[in-house]
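Subject: Structure for you to look at

Hi,

Here is the structure I promised to pass on. Please open it next to this email, as my notes follow below.

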Amino acid sequence: MDTKIPAKPSPVVKPLERTEAHEANPWAQAMEQLDRAGKAMKLEPFALERLRHCKRILTVSVPVKMDDGTVKVFEGYRIQHNMDRGPAKGGIRYHPSVSLDEVKALSFWMTMKCAVVNLPYGGAKGGVICDPKKMSRGELERMTRRYTAEISIIIGPDKDIPAPDVNTNAEVMAWVMDTYSMTIGYSCPGVVTGKPIEIGGSLGRNEATGRGVFYVTRELAAREGFDLRKSTVCVQGFGNVGSNAANIFAEHGTKVVGISDVGGGLYDPKGLDLHDIMEYRKTHDTIMDYPKAEKVSIDKFIELPCDILIPAAMEGTINKGNADKIKAKYIVEGANGPTTNEADAILHKKGVVLVPDILANAGGVTVSYFEWVQDMQAYFWSEKDINARLQDIIVGAFTEVYDLSKKEKVDMRMGAFMVGLRRLGKAASIRGMYP
Ligand code: NAD
């Protein structure tokens, strides 16, 4: 049986303009990556065309009674980019810079990521335009509950499973789970991952993204022939991904010489005392004024001397304005979309080896998948099991991407796109087109 949809020339694929706005727009960046990889691997035009569109975009208004008695209405989104390979999966972000194009791009990268590591999921993402740093816990809870109620028409354990992202955490996921469960009338732990252990969360989920970043870097070191115990690392962003990655590198003997957060960076060529900094952060909003290390501005942080740079903050922090100043030989993308395509080209020319986001930070969604499987079975695994299975999946995906990149003589971003698009192309072709 021929399952291929007759290939018609794609009407949409046209070169995107190279402007400042283009570099700053994650969706434009993501579509450029897709077009380039789709063309290089001769992806079926109908599959490529479908991936250039999000399956479902929901915009919601989220009215919240603020502590001072006024009502503020926030704008939120939930986007399901693709569900050809299973239910949609992706985090929820709270940030003032959330935009429709950003959430679209993040949902697309989730589709790619789940395909690269071969999880039975499509991609989704959610976001609310808000500044959680200026909101009380009560306001955040009310906003989360109303946002969940608004998007409950499209989420669910078989449909779309949210998770934490920037400025959301296990507590926020507990509110999502509780609100959704109240709406349907019974407890539904499988609707969300990254929950507290007590209500169906998974051991190892909190550290999973950082742990995955470490596993891919260890594989990279083995393949490229450098010793992690003799290497130095700088981590941009000290939230869930950055702080866990930094700690796991330090535990394995890699010297963490730089870390930063939204306030600024810290540097110590002898190695930072992460334990002390974590203690300091418990009582301070930012690590910026930590007294026992050299202070570095956000802009200069990226230029610090180190072997490995791990961007683990926001999109576009490595761009054409600073890529040339980077001294690290290896970049492992803990964040989603931290390197613009313009910067990618500069880094490639400089000989920097980069492990792309859709592979490097896939540890989070992998353990989210384990959490969902455990919830569905109501049977929970040990942390040892979880970390071993995570390592298997991440090392397997790294090997596939690295080997393909070498064989095709392309960089690892292109290699990862090729691995993911091959799976997505097959799924689209086998399912065919409805009606
Ligand atoms: P988080 O909210 O826990 O932490 C974000 C950190 O980045 C904070 O320390 C913040 O101060 C810092 N930051 C923000 N802007 C910065 C800047 N310009 N320079 C330096 N630091 C800055 O968020 P997170 O969950 O750690 O997510 C970070 C990135 O990793 C995002 O791109 C997210 O999409 C991605 N990611 C997260 C997960 C996950 O499991 N949480 C999984 C995969 C990918």
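Does Lys 104 count as buried or exposed? Lys 104 counts as buried, because its relative accessibility is 16% and the cut-off for buried is under 20%. Bear in mind that this is a predicted model.

Lys 104 has a charged partner. It forms a salt bridge with Asp 101, with the closest N and O atoms 3.9 Å apart. Both residues sit in helix α4, 3 residues apart, so about one helical turn separates them. Asp 101 has 25% relative accessibility and therefore counts as partly exposed.

Now the sheet. It is open, has 5 strands in the order β1-β2-β4-β3-β5, and its pairing is mixed. The edge strands are β1 (56-65) and β5 (160-164), each pairing on one side only. On average, neighbouring strands are turned by 25° against each other, direction ignored. Helix α4 (residues 100-116) packs on this sheet and touches β1, β2 (71-82), β3 and β4 (122-129). The direction of α4 makes about 155° with that of β4.

Strands β3 (residues 88-95) and β5 run parallel and are joined by 5 bridges.

Next, the salt bridges. The structure holds 29 of them. Asp 165 and Arg 93 meet through their side chains at 2.6 Å, N to O. This pair links distant parts of the chain: Asp 165 is in the loop between β5 and α6 (170-184), Arg 93 is in strand β3, and they are 72 residues apart. Both Asp 165 and Arg 93 are buried.

Arg 137 and Glu 171 also form a salt bridge, at 2.4 Å, N to O. Arg 137 is in helix α5 (residues 137-151) and Glu 171 in helix α6, 34 residues apart. Arg 137 counts as exposed because its relative accessibility is 54%. Glu 171 is partly exposed, at 31%. Salt bridges that share partners also join Arg 93, Glu 102, Lys 125, Asp 165 and Glu 315 into one network.

Last, the aromatics. The count is 11 aromatic pairs. Phe 226 and Tyr 330 are stacked, because their ring centres are 4.2 Å apart and their planes are at 20°. Phe 226 lies in the loop between α7 (205-224) and β6 (232-236), and Tyr 330 in strand β11 (residues 330-332), so the pair ties together parts 104 residues apart in sequence. Both are buried.

One aromatic cluster is formed by Tyr 121, Tyr 369, Phe 370, Trp 372 and Trp 381. Arg 389 lies over the face of Trp 381, at 4.1 Å from the ring centre.

Best wishes

Definitions and conventions: Residues numbered from 1 in each chain as written. Predicted model: local features only at pLDDT ≥ 70, side-chain atom pairs only at ≥ 80, totals over all residues. Heavy atoms only, no water. Pairing = 2+ DSSP bridges. Helix = DSSP H or I, 4+ residues; strand = E, 2+ residues; numbered from the N terminus. Axes fitted to C-alpha atoms, helices over the stretch in contact; angles between N-to-C directions. Contact = heavy atoms within 4.5 Å. Phe/Tyr/Trp six-rings, centres within 6.5 Å; stacked < 30°, edge-to-face > 60°. Buried < 20%, exposed > 50% of the residue type's maximum accessible area, 1.4 Å probe, protein only. Lys NZ or Arg CZ within 6 Å of the ring centre and 35° of its normal. Salt bridge = Lys/Arg side-chain N within 4 Å of Asp/Glu carboxyl O.
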